[in-house]
Amino acid sequence: MSQNILVCGGAGYIGSHMVRLLRRSGHAVTVFDNFSQGHQAALPDDVSVIEGDLCDPQALVRAFAAGPFDAVYHFAALISVGESVTAPDLYYRNNVVGALNLLDAMRGAGCDRIVFSSTAAIFGNPETDLIDESHRRAPLNPYGWSKLMMEQILADYAQAFGVRSVSFRYFNAAGADPAGAIGEAHDPETHLIPNILLSAMGVRPGLEIFGDDYDTRDGTCVRDYIHVNDIASAHLAALDLMDAEPGAHAFNLGNGRGFTNLDVIDAAREVTGRDIPMRVGPRRPGDAAMLVADSTKARNRLDWTPELPDIRDIMKTAWTWHQAPAYGPFAVERTAERIAK
Ligand code: UDP
């Protein structure tokens, strides 16, 4: 059945892939975005767009006046681990206060379903190689804390107000829609795969790997990369779960395979056929040594199967996007401009 969905942060990286999947699945979509990172060009013509900020309750009133919405997807958050350590105020204001504003606006409008973007960063340095949902939470940085606080708030809102929610702890979202029209483009770009590809393109010389003295196979951090469309397909399945079962649910989303930062560079060399110069710098504050998901619960409860689990296939989609005409005008040149300054 077609539903009316509000997507907060729908112009951003994961949000824009979700918007396309929702439209392909026959749902009506309204996007709420402050365009601090999102791109107008990432939005298809057949969605309504409301420009506004979650920290502005009046903007949220405007958004919900465009409803009623059957459910909200909430992707609008600050996401850089390193920045959160130096600017925790920004992270708590945007990711906690902003999300609380959203929850209260939902309650005011009688909307009781939300799918929330959480993160593997809530686990800190794990005690087991694979992290399942029962693993203890111990964030190492304000970004992780902001998401863990929201998971707690969602659990409390389920109890007190009957708000239904699904939180997805993404491990490392990566890749791009294979069609080449949308993909990852942050400004400044802080993530490993786009930084590697910008380096391969010669746009950003001087790729730096943050630390090679971790207790891992080659000393660099280990991450579990999951294709952005596979993240989106789990989110779609969450609609049915919220219908079937009230409460606050949480799932870890990854492929269950860990790659060191050097493995990822090797995969990029293979896929691009380019030289990728890099140097090793100091550790980045707030980084966990290793984050790899056990996603058995998502596979079982959501009947979810990743379609692009291989790091090389994920890398290929990212590379296709970085070379696509759609990418150039709003990402490469802006990044080059910033570096030139
Ligand atoms: N990283 C790096 N150089 C970069 C960007 C990231 O060495 O230019 C490392 C980072 O320290 C971490 C891994 O790559 O070990 C993944 O970082 P990213 O920011 O992509 O995602 P996160 O795991 O923080 O969500």
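Visitor: Into which domains is the protein divided?
Guide: This is a predicted model, where local features need pLDDT of at least 70, side-chain atom pairs count only at pLDDT 80 or more, and totals for chains, interfaces and linings use all residues. Residues are numbered from 1 along each chain as its sequence is written. Domain bounds come from an automatic or database domain assignment. The protein is divided into domain 1 (4–174 + 226–253) and domain 2 (192–223 + 256–340).

Visitor: Which element supplies the largest share of the side of domain 1 that touches domain 2?
Guide: Two residues are in contact if their C-beta atoms, placed from the backbone, lie within 7 Å. The contact takes 32 residues from domain 1 and 30 residues from domain 2. Helices (H or I, at least four residues) and strands (E, at least two) are DSSP runs, numbered from the N terminus. On the domain 1 side, the largest share, 6 residues, comes from H7.

Visitor: With which residues is Ile 231 in contact, leaving aside its neighbours within four places in sequence?
Guide: Ile 231 is among the residues with the most contacts inside the largest nonpolar core. Leaving aside neighbours within four places in sequence, its contacts are Ile 14, Phe 168, Tyr 170, Ala 173, Ile 226 and Leu 253.

Visitor: Which strand gives the largest share of the shell around the ligand?
Guide: 14 residues surround the ligand, with His 191, Leu 192, Asn 195, Phe 210 and Cys 221 the closest; a residue counts as near if its C-beta atom, placed from the backbone, lies within 6 Å. Helix H6 (192–200) and strand E8 (207–210) each supply at least two residues of this shell. The largest share, 3 residues, comes from E8.

Note on methods
A nonpolar core is a set of buried Ala, Val, Leu, Ile, Met, Phe, Trp, Tyr and Cys residues joined through C-beta atoms within 7 Å. A residue is buried if 20 or more other C-beta atoms lie within 10 Å of its own, exposed if 12 or fewer, and partly exposed in between; C-beta atoms are placed from the backbone.
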